[in-house]
Amino acid sequence: MTLRVAVAVFVSVLAMVATAAAQGRGKGPGRTSGAPAQNGSASAVPVALQPSSSFLQFGTWLDDATTAAAGAGYISMGASYWRGAKADQVDAPILGLTYGITNRAQLSATVPFYRATYEGFSGGGLDTIYISGKIAVVDPDAGNGRFGLAIGAGAEILSAGVADASRAHWVVPLSLELRSAAFRVYGSTGYFSRGAFFAAGAVEWTAPTGTSFTVSLAHSASVHGVTAATIASVPRSSLRDASVFLSHPVSSTASVFVGGSRTFSGTWIDGASSISGGFSLRFASPGHARSR
């Protein structure tokens, strides 16, 4: 895929975001919106870990310190099914895009579409959108390739059905990464402007065939107690999420992935679980992308 096509796709994503932001601040009956359930492999779209895209909690972000090469990136499409107490949701498609601006800086976007039911109510449409940037302060691809440090910033545009005064929020994650021959350990910590601190970590093992298996744990907590954007049954409660993820390359540029998660929390969403899957395509502009 050429650079022109990649830029066109990214512009299309931004246009969708602008359209969503212009839809107003609608309020659905008892409905909130959250982060995409999609997971991604190294250098792909970062993960905003949530038990469901439409039942918002405190907010948890998981990313590594790796950035896409200049002129290269990833396009992904996925789907997920989430089930909790008296509620369930299907997200399809979940569209993701990452593009390397330089060898140390990238842009990413995630656009999910959903269909959810809760206590007899149902609805669907465009869900919460994330646009983020990441800069590798310490590039794990440089030197001995064992350690990386990255800072990021992201915009969170909540769904039109969210019961909150503002749909526009931000997140600031700090990500670390450690590498060995077959393993990577990475994680993120930071703050959501909706009023939540978070910390998340993952361990990834990659087989000689290229198949990777990842286990992650995430923790987040509201700093303001119960709000419309951080719904909880207990003030200053927390949310913990455990996930597993499997990715397998099917060609030199394509991979398929599948994952699952379980939520442990003092909120009404305790015990919720989800499964997800999809594929990702790697692209590069001839003469611009560096080798990995």
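Strands β4 and β5 form a hairpin, with 2 residues between them. Keep in mind as you look around that this is a predicted model.

**The strands around β5**

Strand β4 covers residues 87-102 and strand β5 covers residues 105-118, and the two pair in the antiparallel sense over 13 bridges. If you want one spot to look for, find T98, whose bridge partner in β5 is S108.

What else does β5 pair with? Strand β6 (residues 121-126) is one partner: β5 and β6 run antiparallel, over 6 bridges. Here you can look for Y114, which stands opposite G125 in β6. β5 and β6 form a hairpin too, with 2 residues between the strands, and in this hairpin E119 takes a positive phi near 50°.

Then there is strand β7 (residues 129-138), which is joined to β5 by 6 bridges and runs antiparallel to it.

| Strand pair | Sense | Bridges |
|---|---|---|
| β4 and β5 | antiparallel | 13 bridges |
| β5 and β6 | antiparallel | 6 bridges |
| β5 and β7 | antiparallel | 6 bridges |

**Rings that meet**

Now for the aromatic side chains. How many aromatic pairs does a search of the whole structure find? The count is 6. One of them is W170 with Y191, a tilted pair with 5.8 Å from centre to centre and 55° between the planes. W170 sits in strand β9 (residues 168-179) and Y191 in strand β10 (residues 183-192), so this pair ties together parts that are 21 residues apart in sequence.

F245 belongs to strand β13 (residues 238-249) and F257 to strand β14 (residues 254-265), so the pair ties together parts that are 12 residues apart in sequence. Both F245 and F257 are buried.

Finally, go back to W170 and Y191. Together with F197, they are linked by ring pairs into a cluster.

Notes. Residues are numbered from 1 along each chain as its sequence is written. This is a predicted model: local features need pLDDT of at least 70, side-chain atom pairs count only at pLDDT 80 or more; totals for chains, interfaces and linings use all residues. Side-chain values use heavy atoms; hydrogens and water are left out. Rings of Phe, Tyr and Trp (its six-membered ring) pair if their centres lie within 6.5 Å; planes under 30 degrees apart count as stacked, over 60 as edge-to-face and the rest as tilted. Helices (H or I, at least four residues) and strands (E, at least two) are DSSP runs, numbered from the N terminus. Buried means under 20% relative accessible area, exposed over 50%, partly exposed in between (1.4 Å probe, protein chains only). Two strands pair if DSSP finds at least two bridges between them.
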